[in-house]
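User: I would like to go through the side-chain contacts in this structure. Could we start with the charged residues?

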Amino acid sequence: MNKKVLNMVYAAVFAAMIFVLTRFVQVPVASGYVHFGDALVYIVASTLGGPWALFAAAVGATLADITAGWLTYAPATFIIKMLIALPFIFVNKKSERILTPLTALLTIPSGVITVLGYFIADCIIDKAYAVVDIPGNVIQAVGSAVIFIVVSVAFDAGKLKKKLFGNNK
């Protein structure tokens with residue numbers, strides 16, 4: 001199959017999964033909700049990489065915001081989700097494993113990007129909400145790291161990265 005078409009298909013599937021895990025798998029917190037979509041952003045960035053992962057992250061999460069009634073956050077989400085994917089894209093495309101000591105550590109800067117990104121967005125959208133939203137975003141970042149690690153262990157045990165993306169580099 002054509003590599004470009006295959007990457008497009010993978011990106012679309014990941015965008016759909018990010019949308020579902022962001023929009024429909026939610027845990028309510030005081031300042032909104034925590035979702036599992038960011039963990040999948042880390043996984044797509046570690047497997048597919050490049051602009052396709054950025055597309056999947058941004059589109060999947062932004063569509064979740066739009067359909068959940070958070071339209072004012074959609075532009076910020078589009079940018080923030082691409083930014084949280086970048087550290088993973090830069091370091092893990094060549095590894096046969098999704099979870100490495102480095103990728104586990106990369107959840108930290110990506111989490112910081114999440115918290116700071118939405119703090120900045122809140123300062124623009126509703127300054128009174130900016131500080132209130134911080135604990136929820138910290139919980140989101142930590143939860144995403146934990147889910148990423150758990151899912152990556154399972155994927156690595158099945159050698160899914162090599163099976164799905166081994167011939168796609």
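User: Is D38 buried or exposed?

Analyst: D38 counts as buried, because its relative accessibility is 1%, and buried means under 20%. Please note that this is a predicted model.

User: Which residue does D38 meet in a salt bridge?

Analyst: The side chain of D38 meets that of K81, with 2.7 Å from N to O. D38 lies in helix α2 and K81 in helix α4, so the pair ties together parts that are 43 residues apart in sequence. K81 is buried too, with a relative accessible area of 3%.

User: How many salt bridges are there in the whole structure?

Analyst: The search finds two. R97 forms a salt bridge with D156, and their closest N and O atoms are 3.8 Å apart. This pair links distant parts of the chain, 59 residues apart, with D156 in helix α7. R97 counts as partly exposed at 45% relative accessibility, whereas D156 counts as buried at 6%.

User: Now the rings. How many aromatic pairs are there?

Analyst: The count comes to eight. One of them is Y42 with F88, a stacked pair at 4.6 Å centre to centre and 20° between the planes. Y42 lies in helix α2 and F88 in helix α4, so this pair ties together parts 46 residues apart in sequence.

User: What does Y42 form with F148?

Analyst: Y42 and F148 form an edge-to-face pair, 5.7 Å centre to centre with 85° between the planes. Both Y42 and F148 are buried.

User: Which residues do ring pairs link into a cluster?

Analyst: Ring pairs link Y10, F14 and F165.

Technical notes:
Residues are numbered from 1 along each chain as its sequence is written. This is a predicted model: local features need pLDDT of at least 70, side-chain atom pairs count only at pLDDT 80 or more; totals for chains, interfaces and linings use all residues. Side-chain values use heavy atoms; hydrogens and water are left out. Rings of Phe, Tyr and Trp (its six-membered ring) pair if their centres lie within 6.5 Å; planes under 30 degrees apart count as stacked, over 60 as edge-to-face and the rest as tilted. Helices (H or I, at least four residues) and strands (E, at least two) are DSSP runs, numbered from the N terminus. Buried means under 20% relative accessible area, exposed over 50%, partly exposed in between (1.4 Å probe, protein chains only). A salt bridge is a side-chain nitrogen of Lys or Arg within 4 Å of a carboxyl oxygen of Asp or Glu.
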